[in-house]
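Please open the structure in a viewer and keep the selection panel at hand.

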Amino acid sequence: MKKIEAIIKPFKLDEIKAGLEQMGITGMTISEVRGFGRQKGHREIYRGAEYNVDFVPKIKIDIVVGADQVDQVIQTIVDHANTSQIGVGKIFVLPVEKVIRIRTGETGKDAI
Amino acid sequence: MKIFYLTITTILMTAAGAWAGDEAPTVFSNKEAIDLVQTHANYMWTLVAACLVFFMQAGFALVEAGFTRAKNLINIMMKNLMDFSMGSIAYWAIGFGLMFGASASGWFGTTGFFLSDFTPDGDPWVLAFWMFQVVFAATAATIVSGAMAERTRFVGYLIYSVMISAFIYPIFGSWAWGGLFNGGGWLENLGFIDFAGSTVVHSTGGWAALAGALVLGPRLGKYAKDGSVRPILGHNIGFAALGVFILWLGWFGFNPGSTTTADKSIALIFVNTNLAAAAGAIAAMVVSWFKFGKPEVGMTLNGTLAGLVGITAGCANVAPGSAIVIGLVAGALVVVSVMAFDKMKVDDPVGAISVHGVCGAWGTLAAGMFNMGGTTAKIIGVQLLGIGADFLWVFPTAFIMFKLIDKTMGLRVSPEDEITGLDITEHGGTAYPDFEVSSAYSQS
C-alpha cells in the first residue's frame, strides 16, 4: 500500500477530485497548507509597513491506495492539476505500513 | 325622534364643555405651552444623540478588534465593555461634579457629585445632560484601549478607566465646557472654541493613549533590531470597516447633539461632519496610494476617523467648504503621523494617537482658522493655548498614572502571556473556539 501526497493549487481541487472518483477512488483527505517552491510569494502592505508573504496557500491531498493503483492515480492528478503556471504542485509517494478501519477492525487492503 | 337626538347631543356637548378646562387660553399660557414643546424637543434630541454616541462604543470595539489579532479578541471586548461601565459609575460619582459643578476657581467643579443635582421633584434636565456627557467621557476613555491593545494587563486597564473618567477627562473638560451647566472654566472664558470636543474628548484620549503606549513599550516582534517595522496584521478588516461606519453614524449624534437643543443649527453641523469624514477618507486613500502604490484600507479607515475628529471642534462655526479642507488635511496628516510614530517605535495598533491626539489638535486649530465670523491672532492664540493646556494636563498626568500602575502591579503582561494571547491568559477563554487563531504569519 502506498500513500500519495499531492500538493496542488486550491482551485484545482474539484477537478482533481472528480477525476479520481471517476477512476474509482472512494476516499481521500485534504488539508489546507501553505508552502513555496520556485513560485515566489509577493509583497503586501499594512498601515504603511511592507512585508513579504512567502508562503502561498495550497491544498494537500492524501490518498492511500494499493501499489498497483499508484501510477494511475498519479496520471489522473497530473492530467487535472496541470496548468502552464509555476506553482502547480508536486506529488510524493510514500510507503504505508498498516491500514486499519476503526469501526470494523479490518486491516490491510480491505481497510482502504 | 328628532327631539330625542337633539336632547342627547346637547347633554353630551355640555358635559364635554365641563371637562375641557374652565379658562380660555391667554398669550402667556400659549407661550408657556410652546416653550414646553421646545423643552421636550430638546430632551428628545439630546437623548437620541446620546444613544448615537453610546453606539460609538460598538464602533470603537469593532475597529480595535479588526486591527488586532484573534487571540486577543476577548480582551479587546472586555476592555471596551468595562471602560464604559466603570467609567459611567466613576463619572456619576466624581467626574460630572468636577466637570460641571460650581467652579469658583475656574479650574474644577466642587458640586454635583453622585448626581446630587437631581432631586425627584426638581428639573430633570440634569439627568438628560448627564446622560449626554457620560457617553462623551466614555468616548475619551475608550480611545486609549486601542493604543494599549494586545499587551496590557486587564486590571491595570480597569484602574486607568476609573482615573480618566473620574479625574483626567473632567478636569480639562471643566476648563472648556463647565459653563454649559453649573460651572465655568478659565479656558472657555477666553473664548476657546471646541464645540463637540476635538480637544476635550479626542486629544485628551489621544495624549493619554500616547502615555500608555510609551509606558508599555511596543508589542513583541513589531520593530526589528534594524528599526524596520514588521506589521502585525489585524485579523478582521471587515470588523474594522464596520466599526468605522458605526463611528461615522455615531458622530451624527456626537457633533450635532452638542447643541443639546432641537433647532435648525444642527443641519450645518450634520453637513460639516459628513463632508469632513468623506474628505478625510479621500485624502488618506490618495496619500497612501501615492506612497505605497496601492490604496490601502487601514490608512483609509484611519483617514475617515481623522476627518471626523478634525471637524469636531469647528463643526458649528465653519462653512461646509472649510469642513472639506479640514477633513482633507486631517486625512493626509494621519497617514504621515502613523508612519512617524512607527519610525519613533511607538507602537499604536490602531492609530489612536494619530487619529485622536494629532488630528484633535489640528481640528481645534482649524476651528479658529476657519471661523465663519473671521479669524484673528487672538482667536488662533486661544486655540493654541487650549491645545497646549490639554497636552500639558493630560500627558504628564496619564504618564505618571501609568508609571505608578506599572511600578505597583505591573502594567504589561509577561512576554509568554503576550505570545499565548490575552484571551487565554487574562480571561481564560477563546474568542474563536472553532478556528485555529495562530497563524504561520505571526512573529509572536
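**The contact between the chains**

Begin by displaying both chains of this predicted model. The contact between them takes eight residues from chain A and 13 residues from chain B. On chain B, select helix 10 (297-312) and helix 11 (320-343): each of these supplies at least two residues of the side that touches chain A. Helix 11 of chain B gives the largest share of that side, three residues. Colour the side of chain B that touches chain A by residue class, and it divides into eight nonpolar, four charged and one polar.

**The sheet of chain A**

Now select strand 1 (residues 2-8) and strand 5 (residues 56-65) of chain A, which pair in the antiparallel sense over seven bridges. Two residues of chain A may be followed across to their bridge partners in strand 5: Glu5(A) has Asp62(A) as its partner, and Ala6(A) has Ile61(A).

Then turn to strand 2 (residues 29-35) of chain A, which pairs with strand 5 of chain A in the antiparallel sense over seven bridges. Select Ser31(A) here; opposite this residue, in strand 5 of chain A, stands Lys60(A).

**A loop residue in chain A**

Select Arg47(A), found in the loop between strand 3 (42-46) and strand 4 (49-53) of chain A. Is Arg47(A) buried or exposed? Arg47(A) has 26 other C-beta atoms within 10 Å, and is therefore buried, the cut-off being 20 or more. Phi of Arg47(A), however, is near 50°, a positive value.

**Chain B as a whole**

Bring chain B back and display its C-alpha trace, which spans about 100 × 55 × 45 Å along its principal axes. Chain B contains 15 helices and zero strands. Of its 444 residues, 53% are buried. Among contacts in chain B between residues at least 6 apart in sequence, 78% join residues at least 24 apart.

**A pair of helices in chain B**

Select helix 2 (27-67) of chain B together with helix 4 (residues 125-147) of chain B. How are these two helices arranged? They pack at an angle of about 15°, with their axes 9 Å apart. Angles under 35 degrees count as roughly parallel, and helix 2 and helix 4 of chain B are therefore roughly parallel to each other. Helix 2 of chain B passes helix 4 of chain B in a left-handed crossing.

To see the contact itself, show side chains on both helices. Helix 2 of chain B contributes residues including Tyr43(B), Leu47(B), Val53(B), Phe54(B) and Phe60(B). From helix 4 of chain B, the contributors include Met131(B), Phe132(B), Val135(B), Phe136(B) and Thr142(B). By class, this contact has 15 nonpolar, six polar and one charged residues.

**Two loop residues in chain B**

Move to Pro25(B), in the loop between helix 1 (2-19) and helix 2 of chain B. Pro25(B) is exposed, with 9 other C-beta atoms within 10 Å. Draw a distance from its C-alpha to that of Leu6(B): these residues are 19 apart in sequence and 29 Å apart in space.

Finish at Lys345(B), which has its place in the loop between helix 11 and helix 12 (352-369) of chain B. What is phi at Lys345(B)? The value is near 60°, positive in a residue other than glycine. Lys345(B) has 12 other C-beta atoms within 10 Å; a residue counts as exposed at 12 or fewer, so Lys345(B) is exposed.

How values were computed
Residues numbered from 1 in each chain as written. Chains lettered and ligands numbered in written order. Predicted model: local features only at pLDDT ≥ 70, side-chain atom pairs only at ≥ 80, totals over all residues. Contact = placed C-beta atoms within 7 Å. Helix = DSSP H or I, 4+ residues; strand = E, 2+ residues; numbered from the N terminus. Nonpolar A, V, L, I, M, F, W, Y, C, P; charged D, E, K, R; others polar. Pairing = 2+ DSSP bridges. Axes fitted to C-alpha atoms, helices over the stretch in contact; angles between N-to-C directions. Parallel < 35°, antiparallel > 145°, perpendicular 65-115°, else oblique. Left-handed = near helix turned anticlockwise from the far one by under 90°.
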